[in-house]
Amino acid sequence: MSELVIKLLRRSGVIGEIDKSEIEKYLGRLWRLKVLIKPIYIGEYEKEGWRNKLPFYLFRCSKHGYGVDYLHGYDEYLYCPQCLEERLKTIGGD
Ligand SMILES: [Zn+2]
């Protein structure tokens with residue numbers, strides 16, 4: 001299952017080493033159930049241009065399936081990148 005998470009992390013622009021066994025450890029055996037209740041911490045990662053690593057989470061979007069993201073803003077929310085893209089398209093009007 002860590003392959004999916006690694007793929008999602010890479011897609012979201014994470015660079016550097018990703019430890020497969022560490023992800024397995026964070027997910028545990030019941031991750032499919034756990035992720036329905038709340039996002040699961042999957043470790044700290046870095047994106048290009050960042051000065052530090054940030055904690056990332058695996059979440060489930062009811063529309064797009066599994067996604068990963070880091071916490072944004074003071075309210076610390078997660079974005080589904082595909083939902084965000086769709087919303088930007090709507091706002092853009094094109
Ligand atoms: Zn979504």
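Let's start in β4, where Tyr-66 is the bridge partner of Arg-60. Strands here are DSSP runs of E with at least two residues, helices are runs of H or I with at least four residues, and both are numbered from the N terminus. What you're looking at is a predicted model, in which local features need pLDDT of at least 70, side-chain atom pairs count only at pLDDT 80 or more, and totals for chains, interfaces and linings use all residues. Residue numbers run from 1 along each chain as its sequence is written.

Two strands count as paired if DSSP finds at least two bridges between them. Here is how the pairs line up:

| Pair | Bridges | Sense |
|---|---|---|
| β1 and β2 (residues 40–47) | two bridges | antiparallel |
| β2 and β3 (residues 54–61) | five bridges | antiparallel |
| β3 and β4 | six bridges | antiparallel |

For landmarks, Ile-15 has Glu-46 in β2 as its bridge partner, and Gly-43 has Phe-56 in β3. The one made by β2 and β3 has six residues between the strands, and Gly-49 in its turn has a positive phi of about 95 degrees. The β3 and β4 hairpin has three residues between its strands.

Now for the inside. The largest nonpolar core has eleven residues, including Val-5, Leu-9, Ile-23, Ile-42, Phe-56, Leu-58 and Val-68. A core of this kind is a set of buried Ala, Val, Leu, Ile, Met, Phe, Trp, Tyr and Cys residues joined through C-beta atoms within 7 Å. At least two residues of this core come from each of α1 (2–11), α2 (20–27), β2 and β3, and β2 gives the most, with three residues. Leaving aside neighbours within four places in sequence, Val-5 is in contact (C-beta atoms, placed from the backbone, within 7 Å) with Ile-23, Ile-42, Leu-58 and Val-68.

Helix α4 (residues 81–92) is another story. Its twelve residues reach 16 Å from first C-alpha to last, close to the 16 Å expected at 1.5 Å a residue, where the expected span is 1.5 Å times one less than the number of residues. Buried means 20 or more other C-beta atoms within 10 Å of the residue's own, with C-beta atoms placed from the backbone.

Technical notes:
A residue is buried if 20 or more other C-beta atoms lie within 10 Å of its own, exposed if 12 or fewer, and partly exposed in between; C-beta atoms are placed from the backbone. Two residues are in contact if their C-beta atoms, placed from the backbone, lie within 7 Å.
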